[in-house]
Amino acid sequence: MPEVAPSKSKIKSILVSQPKPEQGDRSPLTDLAQKFGVKLDFRPFIEVRGLPAREFRKGKINLAAYRGIVFNSRAAIDHYFRLCEEMRVEIDPENRYFCISEGIGHYLQKYTPLRKRKLAFGKGNLQDLLPHMARHKNEEFQMPCSDALNDSFMDLTTNMGLRVTKAVMFQTVSSDLSDLADIKYDILCFFSPVGIQSLFENFPDVSIENKFVKLAIKSGKQIENELTIFSKFCSSRNLIAVTGTRGKTTTVNWIAHLLQAVNPNTLVVGNSPTKPLLQEISKCTKDSWVVIEAPSFLLEICDLAKFAPKVAVIS
């Protein structure tokens with residue numbers, strides 16, 4: 001994996017888990033790298049794949065029925081207008097657009113001419129948009145997004161009485177990072193849980209015996225993996241962790257089946273390409289029961305990270 005190289009000298013190299021900024025876009029990381037003479041590499045750890053129109057139609061969302069459109073990324077803008085074109089939906093000039101930042105608002109002009117009174121933008125946080133949206137409380141809003149969108153913003157809009165429909169138009173999947181296996185950096189820079197998830201999916205065999213992990217522990221650094229990150233940010237404390245040599249998957253599925261009879265909001269996560277921990281975290285609520293299939297390599301740092309499920313099962 002792209003390991004962090006131990007060194008007592010100054011930082012010389014950084015790997016950023018995002019695409020390289022487009023020409024003309026300013027990045028504070030680029031400015032810092034130039035100022036201190038640091039080698040800076042950009043490499044997206046995730047890829048965005050658009051939903052085909054036939055798949056999107058299964059959600060029975062009428063794109064033309066919404067006059068308020070909320071955008072939190074350039075990808076959301078790209079795929080919204082792509083689907084409108086594929087589904088032959090005419091863009092209403094009276095639409096109002098709510099963009100997470102001024103930069104996203106400017107990018108929107110790539111697709112449609114804008115009038116100032118039809119555009120509102122925040123300062124980089126979706127919550128900044130709530131006051132603007134509240135002024136149009138009678139509108140129905142649509143939020144084009146990925147399958148990894150955290151539901152916290154949607155919960156806030158619901159609490160405010162705003163009618164916002166989440167429209168999943170694209171998916172985030174892990175990039176192939178195999179070419180980074182033997183490359184070392186002083187710092188790996190992440191911006192989202194899905195980037196960390198991609199790292200672990202590409203390099204699942206990172207052990208606590210790894211010399212760089214040992215060095216980090218010795219120097220008092222915080223060590224985390226996707227299981228400990230999940231437990232810290234999951235809304236529910238009702239975590240059941242299942243581990244063992246044989247029968248983990250069967251045990252997990254039976255526990256979940258029994259719990260779902262009394263609590264439909266029961267989730268199965270972990271050790272599965274279809275239910276990865278960090279991707280499923282947004283589905284957890286305070287009342288959820290979460291059954292986790294926990295392989296041994298994820299349990300190696302439980303003591304260090306103070307991971308303690310409500311129930312532990314050894315199969």
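First, the ground rules. This is a predicted model, so to speak of local features I need pLDDT of at least 70, and side-chain atom pairs count only at pLDDT 80 or more, while totals for chains, interfaces and linings use all residues. Residues are numbered from 1 along each chain as its sequence is written, and side-chain values use heavy atoms, with hydrogens and water left out.

Start with the nonpolar cores. By a nonpolar core I mean a set of buried Ala, Val, Leu, Ile, Met, Phe, Trp, Tyr and Cys residues joined through side-chain atoms within 4.5 Å. Buried means under 20% relative accessible area, exposed means over 50%, and partly exposed is in between, with a 1.4 Å probe and protein chains only. The largest core has 39 residues, and those with the most contacts inside it are Leu-63, Val-70, Phe-71 and Met-133. Helix 3 gives the largest share of this core, six residues. Helices are DSSP runs of H or I with at least four residues, strands are runs of E with at least two, and both are numbered from the N terminus. A second, separate core has 18 residues, including Leu-277, Ile-281, Leu-298 and Phe-307.

Look at Val-70. Contact here means heavy atoms within 4.5 Å. Beyond its neighbours within four places in sequence, Val-70 is in contact with Phe-98, Leu-126, Leu-129, Met-133, Phe-141, Gln-142, Met-143, Pro-144 and Phe-153.

Next, the aromatic residues. Rings of Phe, Tyr and Trp (its six-membered ring) pair if their centres lie within 6.5 Å; planes under 30 degrees apart are stacked, over 60 edge-to-face, and the rest tilted. The count comes to seven aromatic pairs. One of them is Phe-71 with Tyr-80, edge-to-face, at 5.6 Å centre to centre and 70° between the planes. Phe-71 and Tyr-80 are both buried. Phe-81 and Tyr-111 are stacked, because their ring centres are 4.7 Å apart and their planes are at 5°. That pair links distant parts of the chain, with Phe-81 in helix 3 and Tyr-111 in the loop between helix 4 and strand 7, 30 residues apart. Phe-81 is buried at 8% relative accessible area, while Tyr-111 is partly exposed at 32%. One aromatic cluster is formed by Phe-71, Tyr-80, Phe-81, Tyr-97, Tyr-107 and Tyr-111.

For Cys-234, the nearest is that of Cys-284, at 3.4 Å, and Cys-234 is in no disulfide. Cys-84 is buried at 2% relative accessibility, and Cys-234 is buried at 5%.

On to charge. Side chains of opposite charge can pair when their charged atoms come close. A salt bridge is a side-chain nitrogen of Lys or Arg within 4 Å of a carboxyl oxygen of Asp or Glu. The structure holds ten salt bridges. Among them is Glu-94 with Lys-118, at 3.0 Å, N to O. Glu-94 sits in the loop between helix 3 (74-86) and strand 6 (96-99), and Lys-118 in the loop between helix 4 (102-108) and strand 7 (119-121), so the bridge ties together parts that are 24 residues apart in sequence. Lys-118 is buried at 6%, whereas Glu-94 is partly exposed at 39%. Another salt bridge joins Glu-280 to Lys-283, with the closest N and O atoms 3.2 Å apart. Here Glu-280 is buried at 3% and Lys-283 is partly exposed at 41%.

Last, two loop residues. Ser-282 is in the loop between helix 11 (277-280) and strand 14 (289-293), and is buried at 11%. Setting aside residues up to four places away in sequence, Ser-282 touches Leu-149, Asn-150 and Asp-151.

Asn-238 lies in the loop between helix 9 (226-233) and strand 12 (239-243) and is buried at 13%. A polar atom of the Asn-238 side chain lies 3.2 Å from the backbone oxygen of Ser-288.

That is the tour.

Technical notes: A polar contact is a pair of N or O atoms within 3.5 Å; within protein, one must be able to donate a hydrogen and the other to accept it, and residues adjacent in sequence count only if both atoms are side-chain atoms. A disulfide is a pair of cysteine sulfur atoms within 2.5 Å.
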